[in-house]
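Q: I'm new to this one. Can you put it up and walk me through a few spots?

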Amino acid sequence: HLTQMWLVLHSLYTKCNNPSGAIESLRQAHKNEPENPSTMISLGELLRRDSKTSEAITILKQATELDPENADAWNNLGVALQQDKYITDAKIAYKKALALNPKSAFILSNLGAIAKEAEEWELALRYFDKALELDPNYAEAHSNLGTTFQELGEFDQAEKSYTQAIALKPDS
C-alpha cells in the first residue's frame, strides 16, 4: 500500500504546486514498484518539466521498454528528446507514438513542431491540419499553424490561425 500512499502524496504536492515534492513522491513510488510504466511516465514528465531532461529520457526509455505499446510513453519520450535537441530520436519516438495512437492531435502537433523547426513548411502544414481536424480547439496547433502560414507568406491564413488560437486561449 506504500505505493498508493506515495501516489496520493504526489497528487497533493501537484495540487499545491510543489513540483519537487511531487517528483520525490513519484521517485518513492517508482522505488517501490520499479516496473510500473505508468509511474515512470508521470515521473519522466515531471522531471522534464523540471529541466532534468537526461534523467527524464532515461526513465521514459525504460517505460517504453516495459510497455512498448504505450503511446504516452513514446510521446513523452519524444517531448523530452526534443527538449534536449535530439531531434532525429524525438521524431522516431513521435512516429512510434502516432502508430499506436493515430487519433492524437497532440502527437501530430508535436511532429508538426519538429517539421516547423526544420523549416519543412508543407510537412508542418499537413501535421497541424490533421491535428486540428482531430481537435479543432487545440490552441497551440492553431498558433503553430499561424507561424507556418506566416513563414509561407500566407498572411491572411496566418492571421486567422492566430486569431483562433487567441480566442481559444486568450491568456497564452
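Q: Which residues is A73 in contact with, leaving aside its neighbours within four places in sequence?
A: A73 is in contact with I41, L60, A63 and T64. Contact means heavy atoms within 4.5 Å. This is a predicted model, where local features need pLDDT of at least 70, side-chain atom pairs count only at pLDDT 80 or more, and totals for chains, interfaces and linings use all residues. Residues are numbered from 1 along each chain as its sequence is written, and side-chain values use heavy atoms, with hydrogens and water left out.

Q: Is A73 buried or exposed?
A: A73 is buried, with a relative accessible area of 0%. Buried means under 20% relative accessible area, exposed over 50%, partly exposed in between (1.4 Å probe, protein chains only).

Q: Where is A73 placed?
A: In helix 5, residues 71-83. Helices are DSSP runs (H or I, at least four residues), numbered from the N terminus.

Q: New topic. How many residues of helix 7 are buried?
A: Eleven of the 13, so helix 7 is largely enclosed by the rest of the structure. Among them are L108, L111 and I114.

Q: What covers them?
A: The cover includes helix 5, helix 6, helix 8 and helix 9.

Q: What comes just after helix 7?
A: E119 does, with a positive phi of about 60°.

Q: And helix 9, what do its buried residues pack against?
A: They pack against helix 7, helix 8 and helix 10. The buried residues of helix 9 include H142, L145 and F149.

Q: Which residue follows helix 9?
A: G153, whose phi is positive, near 80°.

Technical notes: Helices (H or I, at least four residues) and strands (E, at least two) are DSSP runs, numbered from the N terminus.
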